[in-house]
Amino acid sequence: MSEEKSLNFIEEIIEEDLKNGKYKSILTRFPPEPNGYLHIGHAKSICLNFGLGIKYGGKTNLRFDDTNPVTEDTEYVDSIKDDIRWLGFEWANEFYASDYFDTLYEYAVKLIGKELAYVDDSSSDEIAALKGTPTEPGKDNRYRSRTIEENLQLFADMKAGKYQDGEKVLRAKIDMAHPNMLMRDPILYRIKHAHHHRTGDKWCIYPMYDFAHGQSDSIENITHSICTLEFIPHRELYDWLIEKLEIFPSHQYEFARLNMTYTVMSKRRLLQLVNEGHVTGWDDPRMPTISAFRRKGYTAAAIRDFCDRIGIAKRENFIDLSLLEFCLREDLNKTARRVMAVLDPVKLIIDNYEDGKVEELTTENGPDASMGTRIVPFSKELWIEREDFMEVPAKKWFRLAPGAMVRLKSAYIVQCDSFVKDGNGNITEIHCSYFPQTKSGMDDGSISVKGTIHWVSAAHAAEAEVRLYDRLFTMENPMDAEGDFKDTINPNSLEVIRAAYIEPSLTKARLDDRYQFIRKGYFCLDKDSTENKLVFNRTVTLKDAWAKEAKKG
RNA sequence: UGGGUUAUGGUGUAACGGCAGCACUACAGAUUUUGAUUCUGUCUGUCUAGGUUCGAAUCCUAGUAACCCAACCA
C-alpha cells in the first residue's frame with residue numbers, strides 16, 4: 001500500500017461534494033483579466049484549477065474577465081492563452097465575461113424590478129462620503145428611494161448613452177450600515193464610453209467585477225469557483241446576487257496567493273517595471289512572469305512541480321525562491337545536454353603538445369548514457385575559465401595554480417609550468433605540459449587529481465553573447481522597503497558577456513534546447529539570437545560548494 | 001468604537017483527540033573526469049495563558065499577532 005498524499009482543503013470539499021452527490025462532476029474555471037501578463041502566482045492558480053479538473057475527471061474553462069475596456073487588450077488575451085498552453089493545460093471552453101453582457105443587463109433589470117437596485121446620480125466622491133468607514137456605518141442618499149419605473153427608465157437611458165462617464169451608476173440596494181463594506185449598496189454598473197476589445201462600441205455601460213464574475217460562474221455552471229483570499233468579503237455579495245437573481249448556485253472558495261522572495265507579484269507593479277523601463281518588457285528574463293521564465297529557460301514541468309510542492313492553504317505564505325530553483329535544477333539535471341563554454345576566458349597553452357595537431361575527443365552529452373556522446377576538438381591552445389587559475393592558491397584549492405595539476409574534462413591531465421602577465425598585472429597566458437598517458441578513457445591511473453575543469457579549443461571556438469541574470473531585487477521582500485519598492489532594484493541583475501567562447505556543437509543550438517554549460521549553470525538560446533550572433537540566457541546557476549568555501553576565507 | 005481570515009522549525013506544508021512527519025534552506029561527511037548530480041547524517045517547530053481529557057497542534061475560554069475590507073479595478 002503506497003501512502004496517500006494528503007488532500008488540501010479544496011480537494012477535501014470537492015471529495016465531500018462528490019461523495020454526497022451534491023455534484024456528479026465538477027467544473028472549475030481560470031478567470032484572468034486581460035490587462036497584463038500572467039505571473040508565477042497565476043501559475044499556482046492555473047495548476048490548481050486545471051489540476052482539480054484533471055484529478056476529479058471534471059473540466060476547466062478559461063474565462064476572460066473583460067469588464068473594464070480601458071485597461072484590457074487582445075495582446076494580453078493572446079499571451080495568456082500561450083502561457084496556459086505552454087504550462088501544459090487545455091481548457092474545455094474559451095469564454096469571455098463580455099459574452100454575457102446582454103444576459104447581465106437583463107439580470108440588472110430583474111434586480112431593479114425586485115427593488116433591489118437603483119440608479120444613483122451621485123459623484124464618486126459623494127458615494128464615498130456616504131459609504132462610511134470600516135468602523136462607522138454609511139448613510140442612505142436621496143436616490144435610494146427612486147421608484148422601479150424611474151430606475152428602469154434611467155438605467156435604459158444609461159445604456160442608450162444619454163449620460164457622460166461618471167454621471168450615474170447602478171447600485172444594489174442592500175444595507176448602507178452593513179458591517180461588510182461590500183454590502184453597502186455596491187456599484188453594479190458604471191458608464192464608460194470606451195471601445196471594448198471584443199464588443200467594440202456596442203456598450204457604454206459595463207458591469208463591475210461583482211456583477212460579472214459570480215454571474216458568469218453561474219451561467220457556465222461552475223461548481224467550484226476558486227479565487228484568492230482578498231475576495232473573501234466578496235463572497236457574501238456573490239451569494240446574495242445569486243440568491244436574488246435565482247440562478248445556478250456556484251460557490252466561491254478562497255486560497256492564499258503566492259508570495260515569493262526577491263520579487264513582487266502584482267500586475268500593477270510589474271506593469272510599472274515595464275513602463276518605466278526597469279526591464280525590457282513583460283518577458284524580460286528577470287521578471288516573474290510565465291513568459292519571462294519561459295524565455296529564461298525554465299521548463300513547464302519545473303513550474304508545475306513547484307506549484308505542487310508549495311501546497312494550497314489559507315494562511316499567508318512567503319515562498320523561498322530557492323524552492324523554485326530546486327525544482328528547476330531537478331528537472332534540468334535530468335534533461336539538459338552537457339556542453340562546454342568559457343565565459344571569462346584566459347588562454348591555456350600546452351607547450352609539449354604538437355603544433356597544429358587536432359584530436360577529436362569523445363565526451364558524454366549527459367550523466368545518463370542514453371543521452372549519447374559527441375566529438376569535441378582538442379588542440380594546443382585552449383580557452384579556460386579565468387577563475388579556474390589562482391596565482392596564489394587558496395586553502396583547499398584544487399584547480400590550476402603554479403605547479404598544480406588538473407584534468408581537462410574528457411581530455412588530459414595538465415600541469416601548470418608558468419604564466420604570463422601583461423603590464424597591468426593581468427594574466428594573459430597559462431603554460432602547461434600534458435601527460436599523454438592520462439588521456440580520457442585510456443588513463444593508466446598513474447596520476448590522480450582532485451579537480452576537473454572545462455575548456456574550449458581556441459582555434460575551434462565560436463563566440464556568443466551570454467546574459468547572466470541575478471535576482472531583480474536586493475531585498476527578500478521589496479514591499480518592506482522604506483521608500484518605493486523600486487529603490488530595492490538590484491543594479492547588477494543583468495550582466496552581459498559580449499564574447500564568450502562556446503564549443504562548436506553549440507552553434508546548432510535551437511530555441512527549445514536546454515543546456516548545461518558544465519560547471520557554470522543551465523543555459524538556453526535567447527530569442528534575440530540571429531544567424532550571425534548567438535545569445536544565451538543563464539537559466540539558473542549550479543549549486544556552488546566552492547563559492548561557499550571561498551566565502552569562509 | 002466595525003467586520004472578516006489566519007497562526008506548526010529559517011521557509012512551505014502534513015496531522016482530523018493517540019509517536020509532531022515530509023520537502024526546501026542551512027550545516028557536517030562520503031562518492032565524483034562538473035567543488036554539479038547522488039548518498040548519509042545534524043540543527044531548528046505546535047502564538048500566549050488557563051481549562052476539559054488517561055491523553056491536546058487538534059476541543060473549550062480569554063488574550064496576542066499578522067493579513068484583508070472605505071477604486072465607477074479585478
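Modeller: A helix here is a DSSP run of H or I with at least four residues, and a strand is a run of E with at least two, each kind numbered from the N terminus. The model is predicted: local features need pLDDT of at least 70, side-chain atom pairs count only at pLDDT 80 or more, and totals for chains, interfaces and linings use all residues. Residues are numbered from 1 along each chain as its sequence is written, chains are lettered from A and ligands numbered from 1 in the order in which they are written, and side-chain values use heavy atoms, leaving out hydrogens and water.

Colleague: Which helix gives the most to the surface near RNA strand B?

Modeller: Helix 12, with four residues. A residue is near if one of its heavy atoms lies within 4 Å. Strand 6, helix 8 (232-245), helix 11 (300-310) and helix 13 (545-551) are among the other elements that each supply at least two residues. Of the 62 residues around RNA strand B, Glu-12, Arg-315, Arg-338, Ser-440 and Gln-516 come nearest.

Colleague: What makes the pair between Arg-338 and RNA strand B a polar contact?

Modeller: A polar contact is a pair of N or O atoms within 3.5 Å. An N or O atom in the Arg-338 side chain is 2.3 Å from a base oxygen of RNA strand B, so the pair meets that limit. Phosphate oxygens are reached at 2.8 Å by a polar side-chain atom of Arg-190 and at 3.0 Å by an N or O atom in the side chain of Lys-192. Of the RNA strand B atoms within 4 Å of the protein, 62% belong to sugar or phosphate.

Colleague: How do you know where the second largest pocket lies?

Modeller: Domain 1 (9-255) and domain 2 (267-337 + 464-552) both give residues to its lining, so this pocket lies between them. Helix 2 gives the most to the lining, with four residues. Among the 39 lining residues, the closest to the pocket's centre are Glu-33, Tyr-209, Glu-230, Phe-231 and Lys-267.

Colleague: Why are strand 19 and strand 20 called edge strands?

Modeller: Two strands pair if DSSP finds at least two bridges between them. Strand 19 (452-453) and strand 20 (455-457) each pair on one side only. They belong to an open sheet of seven strands, in the order 19-16-17-18-12-15-20, with mixed pairing.

Definitions and conventions. 1 Å grid on protein atoms, 1.4 Å probe; cavity = no way out; pocket = protein on both sides within 12 Å on 5 of 7 lines; lining within 4 Å. Domains from an automatic or database assignment. Polar contact = N/O pair within 3.5 Å; in protein donor to acceptor, adjacent residues only side chain to side chain.
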